[in-house]
Amino acid sequence: MQKNKHTREDALQFHMHPSPGKWEIQATVPMTTQRDLSLAYSPGVAIPCEEIAADPATAYDYTNKGNLVAVISNGTAVLGLGNLGALGSKPVMEGKSVLFKRFADVNSIDLELDTEDPEEFIKAVQLMGPTFGGINLEDIKAPECFIIEQTLKEQMDIPVFHDDQHGTAVICAAGLLNALHLSGKKIEEVKIVLNGAGAAGIACLELLKAMGAQHDNCIMCDTKGVIYQGRTEGMNQWKSAHAANTKARSLDDAMKGCDVFLGVSAKGAVTQEMVSNMAKNPVIFAMANPDPEITPEDAHAVREDAIVATGRSDYPNQVNNVLGFPYLFRGALDIHARAINDEMKIACAEALAALAREDVPDEVAMAYGKKLTFGRDYIIPTPFDPRLIHRIPTAVAQAGMKTGVARRPIIDMDAYELSLKSRMDPTQSILRSLNARARANQSTVVFAEGDDPRVLRAAVLYQRSGMGKALVVGRDDDVKEKLTAEGLADAFEELEVVNAAMTPHLETYKAFLYERLQRKGFDAQDVHRLAARDRHVFASLMLAHGHADGMITGATRKSAHILELINHVFDAQPHDGAVGVTAVLNKGRIVLIADTLVHEWPDENDLADIAERGAFVARELGLEPRVAFLSFSTFGYPVSERAEKMHVASTVLDGRKVDFEYEGEMTVDVALNTQAQESYPFQRLTGPANVLVVPARHSASISVKLMQEMGGATVIGPILSGIGKPVQICSTVSTVNDILNMAVIAACKVD
């Protein structure tokens, strides 16, 4: 599988567009009328101020404190870059803030403090305490990070959590629990060697000891060797707390006969000889980034019985902090916790470990392109797992309540779990799943319109994101000129430019096309012009002959014209079973609208076909289809001849005995609103519809474009389905990201 490639230009463009930075603030209350403004500010705001002054606990009711975390750093230990200073750390802290929102719906603000004085840092954070429900410390160098965190935990009555320490420790502990389970060993008995006596390493050992690991069975090493009792060189109080009673003096000595190696140190710190000297069924967590202490390939070359984890996403068993910190804070915030204690961290680790031992949902398997099963290559859940949001916070919250740090205990845990399931944006997991599938497929996608800068940027992103290979139809000099103008001159050498003048297959293409068109009024010269001069036809011919796996077009020409050209190569007429399905993503919801491309005025049988094809696309996107036949009439009222076919289409599906939910005819509010559905207790949908079958193409087009322009919806499509090959047609107003999304759909072979 190709690895992602991101250039400096890619990273800078990402952080600059559509606006500088990675997050913005939006109001959650109406702010339009004078009444709104007077309630939001003076004089109405005085009332909750008085309530909070009288009872500080009500701040969680009347302000955003209960779902607000500060990500705070002074930039003294930024990723692997060292001391970049407060301002230099801001992109990382913004990134951490959006991860909080993305994975656990926690609002977060990044704060960069321009001081290296621990006392100044502590005082600043302490003074800001009333604003937040929790504090996430980030990228602060050791040993100051220990002093800062411990002091703030003692002085503040909200959770203070240094993720560089405890986030790594929690995920490491979760993976180790399962690795020991597979090895038939107990944490109380195993010998553990840790290399890297920094913040993360010390936190790992502290948590494992809290979970039962024995002090003298845990040997910590730093650049000077083993930290043993009596050592004086390079020591501090935090290392001294983990000094072991051992004769080992080097990492090599310590590794002999050990059961577990934990690495948070540097590339190449562990040799194959060290691995060979470990006990039976060794566990190796080589977590140095970007390169591990020893690669899984090198470890397995000498020990087939080893269980190996790293910090990298391109190897199995990634120790990824995003599995921990969002859900720890979610659970802590929801009980208005005073702290995140060891019991809550252990609960998080145990819940993660238990989740990995369960059957993996199909949508996760779909995202990875393979079935994941608990075993040596799957001991830690993946960030794709949709169960994380409702399983981990509940475990954390319960542990917090049991240990007395909850200000407001949760009474109904079932209702709490249900609320967690409903608060996450399902569209994000769908898009992420599709991207993972595309990377697994490694499809070659041909971009037909290489004369458009948007298409070129999307092709570059597709390839650099590790999705597969991008082919661009165009002329070398023109492509090079346009890429240079876009600041992507270096990308020209990465892309493969194709056209009819360069291909050895032109005569094959022309023979194929002539066979299809000779009885449709096209002579040999017409066929030559189509194959050799029309980029849409040429790209279609490449796809038809297996010289590409998918095709993207439509950014420069209207879809009706593109479809006409594609029909020269593929059977994409209404009677051929072709259907256009457009995905509309807005405010955490996704609906598919069909037919948006092929059928001008479908009859009831066409509508039933469209419903089946829409349900197929829904499942390809990871949705369980619920189809609604839309009309201005709901179940016969008002009576209208034009609504009749929508009613009959539902009865057509009755006869086909399909395996998905469907209902109609109905208005769009009944289709999408469960409260409106309650007025019709006989209707068969078990929830809001996610596939909307509309009466005609013009109504579909109006609906999609209205949502896009007025509602700010993200539109993917139309996805052309039913022709047997992934041909995806963009809109002429598509952004680079829209085109990339269509390429991902093509790469996933949604056809």
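Predicted model: local features only at pLDDT ≥ 70, side-chain atom pairs only at ≥ 80, totals over all residues.

Biologist: OK, rings with rings now. How many aromatic pairs are there in the whole structure?

Modeller: The search finds ten. One of them is Phe-100 with Phe-325, an edge-to-face pair with 4.9 Å centre to centre and 70 degrees between the planes.

Biologist: Where do those two sit in the chain?

Modeller: In distant parts: Phe-100 is in helix α6 (residues 90–104) and Phe-325 in helix α15 (residues 325–334), 225 residues apart. Both Phe-100 and Phe-325 are buried.

Biologist: Why is the pair of Phe-100 and Phe-329 called edge-to-face?

Modeller: Because the planes of Phe-100 and Phe-329 are at 85 degrees, and over 60 counts as edge-to-face. Their ring centres are 5.3 Å apart. Phe-329 is also in helix α15, 229 residues from Phe-100.

Biologist: Which residues make up the cluster linked by ring pairs?

Modeller: Phe-100, Phe-161, Phe-325 and Phe-329.

Biologist: Switching to cysteines: how many disulfides turn up?

Modeller: Zero in the whole structure. For Cys-218, the nearest cysteine sulfur belongs to Cys-172, 11 Å away.

Biologist: Is Cys-218 buried or exposed?

Modeller: Buried, with a relative accessible area of 0%.

Biologist: What about Cys-748?

Modeller: Cys-748 is in no disulfide either, and the nearest cysteine sulfur, from Cys-730, is 15 Å away. Cys-748 counts as buried, because its relative accessibility is 4% and the cut-off is under 20%.

Definitions and conventions
Residues numbered from 1 in each chain as written. Heavy atoms only, no water. Disulfide = S-S within 2.5 Å. Buried < 20%, exposed > 50% of the residue type's maximum accessible area, 1.4 Å probe, protein only. Phe/Tyr/Trp six-rings, centres within 6.5 Å; stacked < 30°, edge-to-face > 60°. Helix = DSSP H or I, 4+ residues; strand = E, 2+ residues; numbered from the N terminus.
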